[in-house]
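Student: I have a structure to study. Can we go through the terms used for it, one at a time?

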Amino acid sequence: MTTLIIDLAVTGLITGLFYALMAVGLSLIFGILRIVNFAHGEFYMVGAYAYTLISLVLGVPVWLALPSAFLVGAILGWATERTLMRPLYAGYTSWGLMRDEYAVIVTFGLSLLLINLVDKIIGPYAMRGPSLVSFSRMHIGPVFMSGDRLVAALIALAIIVAVSLFIRYSFWGKQIRAVAQNRLGASLAGIDTARASSLVFALAGALAALSGALLSPVINATPDVGIFPAIKSYVIVVLGGMGSIPGSIVASLMLGVLESFGAVYLSYQYRDTFGLVLLILFLLFRPQGLFGEKGREV
Amino acid sequence: MTNARTRVNIEFAATGVILLIVALLPLAVSNDYWLGVLIVSMYFAMCASAWNVLAGYAGQFSLAPAAFAMIGAYTTGLLAYHSGAPPWIGILAAVVVSSLIGLVLGRIVLRLSGPYLALTTLAFAEIMRAVISNSINITRGDLGLEVPGILQSRLGWYFLFLAVLTLVQAGFYFLLRARAGLYLQAIRDDEIGAASRGVEVVFWKTIAFALSSGVCGLAGALYGHFAHFVSPELGLISQTGLVIIMVVIGGMGTLAGPLIGAFLVYASSEMLRDVGGWQLVVFALLVILFARFFSEGLWGFVRRLGLPRNHRALVAGSGAERKG
Amino acid sequence: MACLSIRSVVKRFGGLTAVDKASFEIENGELVGLIGPNGSGKTTLLNILSGHLVPDAGEVLLDGAPIAGLKPQRLAERGVLRMFQLTRVFRRMNVVDNLLVAGCALGLTQAAARTRAEQLLADMRLTHVAHLDAGNLSGGQSKLLEFASCFMVPPRIALLDEPFAAVHPTMKEIMAEFVRTHHQAGQTFLLVSHDMPVVLELCPRTVCMNAGAVIADETTRTVLSDPAVIEAYLGGAAA
């Protein structure tokens, strides 16, 4: 019995780590631009494809393909911000859509564009990403785990820690936080807010792409593979508090564990809806999430 | 002084022209396949129109229209499957059920806006789809339900859909040219300002939700009987995505836009299917471009073309270009 | 019976008392100015009067009936109409429609509202931009539009929140003229403003607030030369 519980907990935590890669990026975007990026799942998808194609088609070793996918995600994120997100803060109000509408429509459109583009160019059939390591099952204490998953989880953990440290202590991290708190004030203080936004989007894209790459051996790449993780990450950023990195991390782990236990003890069929129900409840009764700031204009 | 009323009158006239063309198309198109394509376009046109009232006029950007079509389809499907109810009762029930659920959803999201509203409706839509998919004993889950038809001839279905679509458009026209149209747009542009002027924000938002979901439910129910089949796939987010594409391309916040968008996107989708099918990529690009540069959509183009230069300013409406 | 009675209204935000037992009355047909340095609680009080905030204590009576805590829609129905400091217009609707919303929401038919709107637009000298979307108006024009929206149906009392702030003198004069004329015809106003010359010119009586409390309530000339008021503006008894 205890083995089962530990097993479920570990599985949940590991799943949570992968969720966190997606959620942290989304949270950062919200913090700096106050929008939900509806194309976030597609950054994940592009990462999965980039990793798979670069290693399988170009013959690049997996340990190079992985950072390449990270880079591809970064470029995609950066390009998205430069071309589409400028109107949100460049004082450009000459279109007939309100800010929020614009953000939803444009990111939604981007999502559809990427999904269909990949579907047309690469094809709709699933592609299995190469494993990172060759050993499969191994023992960690009382728990069995696939080596691949373990390595991927460790990489995810390392990256999350790195990003947290970056945001906390680095020069650009502080700039990003300043812009997130007060855009106008930050620009008055001489911070290049446009650069900060681009950086955030690039980082978010990279993290999501990494997540897709790491999971591609298990969750094979298809054009719409990103829709599911995207929905999870929306749930998480709401639960954790939009714009809060620690919140996203905590909420990711919690959701992973909740789903893990819920699938066994509550309902396997509805394991994916627990998060959705929580999302609605939180948005109604505690919109700032667990760690977000109250008083945000909802 | 021209104002929104004039604008909606012009739009309704255009709608009438479009519907007339659609009515006459069977003279040129007689094969069942293409009639079927047009019928499905009309299904989307109803959903698009409904979503446009909610999002384009009232400003509530919901991601649930496809879910309501699915709810409507399953209401009539389940009634037929389990109790042998005749389709007319099923369709009526579908409208009532989707409206009621829409009303409840509307009350739930009252205090939400922007991406929070979108996320909540998205979550709602996915939960609904999960419930229907998983209630295998009742709904047969992903296998779907067989649903009895109503008419034998495809042409008959064509005109049935057209009649319902016309009624829906006329209904929206009468709603939007009245004070309700003004209130919805005011709510969209500034809820607090609207309330301060005396507009019953709660009431109108709720009505918008109920109406929009009711019409989607109606469309779904009709489609179910037409296709002789309902499945949870009706409620996929990608279906909502299609509806949104259609409205944005056609012109959000206009009466004729959703119609134009629905026919254009769906029919051309089918026409280009054999030729390589990059149409969805093109449409997604158009959505982005239109959102970025020209939110009035295709209807906006049409309107501007039809006006002499010095009168263009007169028909300022949703999203007129800003000077400088 | 006074038109509007404000009795010992209190509003706190956390540890800060924004409105501290404010009391004064406004009679029918009065044009009362409300002044005070930044942070004195004027806007908070106005928010309470227009239904956007609920007071923690005290009463507000409109023609003797309590209205504190009623929603803005209810207050608008009863004739309490408010102009905002940060202009609130319906940006994607044209100028005429902006006014129609205000008129129809208070019971006018679209036809009657149109007629009234035409009149108001002429008064505000906005007829030449009537067809433009409100979002395309200049700042001053938007202010005039919002100002006009309060008068589609003659209100019981018009609450004007800094209508003259950062506005071109021409438009200031248009609004001032409107206030003057309608005041003479019996319209009741509460005018919040920093613009002393205009307050002096328009308002026979002025209330001054500081640090949430009412510190003066007399004829405008007296209030403006009251040492306590001058002290409040120049510092000393800080908010």
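Student: How many helices and strands make up the secondary structure of chain C?

Tutor: This is a predicted model. In it, chain C has 9 helices and 10 strands.

Student: Which strands are the edge strands of the open sheet in chain C, and what makes them edges?

Tutor: Start with the order: β6-β7-β8-β3-β9-β10 of chain C, with mixed pairing. Pairing takes at least two bridges between two strands. β6 (80–83) and β10 (213–219) of chain C each pair on one side only, and that makes them the edge strands.

Student: How do you know that β7 and β8 of chain C pair?

Tutor: Count bridges. The cut-off is at least two. β7 (residues 157–161) and β8 (residues 189–192) of chain C have 4, in the parallel sense, so they pair. C:Leu160 stands opposite C:Leu191 in β8(C).

Student: What makes residues of chain C part of the side that touches chain B?

Tutor: Contact does: C-beta atoms within 7 Å. On that basis, 28 residues of chain C are in contact with 28 residues of chain B. α3(C) gives the most to this side of chain C, with 7 residues. The side divides into 13 nonpolar, 7 polar and 8 charged residues.

Conventions: Residues are numbered from 1 along each chain as its sequence is written. Chains are lettered from A and ligands numbered from 1 in the order in which they are written. This is a predicted model: local features need pLDDT of at least 70, side-chain atom pairs count only at pLDDT 80 or more; totals for chains, interfaces and linings use all residues. Two residues are in contact if their C-beta atoms, placed from the backbone, lie within 7 Å. Helices (H or I, at least four residues) and strands (E, at least two) are DSSP runs, numbered from the N terminus. Ala, Val, Leu, Ile, Met, Phe, Trp, Tyr, Cys and Pro count as nonpolar, Asp, Glu, Lys and Arg as charged, and the others, Gly among them, as polar.
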